[in-house]
Amino acid sequence: VLPSAEHATVVRRASTVGGVRREGLFAHPPDHGRAVVLAPMRLPAEPARLETWLGVRDGSRSDGMRFAVEVNGREVAARCMLPGAWGRMVVDLAAWSGQSIVVALVTDSEGPFICDWGCWGEPRIVAASSAHR
């Protein structure tokens, strides 16, 4: 926790990455820091997964940033991204079926935060039996 985090934010907003617009979350981490969204939830009894797109918003001059998903404080998936195109992330949540958990969406500047305009596109929890879109 920083006493003051200049330009750090997470807001619900549509973002365009690689010319493709998606609804979701815009996350700008603080300099040499992380912006974290905590989502407490109870998963259904049947296996589920988190599906999302990751990207760095068009117009960014970012030198790269890291996106991670944590479940109950433990990292279960991560990916580094540069400006360009959306990247897909699918996280298996079957190990926590029927349980109450906290999912954290972590956006990390991985150093200087200049134009680290991170985007989580269309994040959602889906039944593991449904087909990928």
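In the predicted model, Glu51 and Arg49 are both buried. The side chains of these two residues form a salt bridge, with an N to O distance of 2.5 Å. Side chains of opposite charge can pair when their charged atoms come close. In total, six salt bridges are counted in the model.

A further salt bridge joins Glu122 to Arg22, with 3.5 Å between the closest N and O atoms. Glu122 is located in strand β11 (residues 118-127) and Arg22 in strand β3 (residues 20-22), so this contact ties together parts of the chain that are 100 residues apart in sequence. Glu122 has a relative accessibility of 30% and therefore counts as partly exposed. Arg22, by contrast, counts as buried because its relative accessibility is 15%, a value under the 20% limit for buried residues.

Glu70 and Arg34 likewise meet through their side chains in a salt bridge, at an N to O distance of 3.5 Å. Strand β7 (residues 65-71) contains Glu70 and strand β5 (residues 34-42) contains Arg34, so the pair connects parts that lie 36 residues apart in sequence. Arg34, at 44% relative accessibility, counts as partly exposed.

Conventions
Residues are numbered from 1 along each chain as its sequence is written. This is a predicted model: local features need pLDDT of at least 70, side-chain atom pairs count only at pLDDT 80 or more; totals for chains, interfaces and linings use all residues. Side-chain values use heavy atoms; hydrogens and water are left out. A salt bridge is a side-chain nitrogen of Lys or Arg within 4 Å of a carboxyl oxygen of Asp or Glu. Helices (H or I, at least four residues) and strands (E, at least two) are DSSP runs, numbered from the N terminus. Buried means under 20% relative accessible area, exposed over 50%, partly exposed in between (1.4 Å probe, protein chains only).
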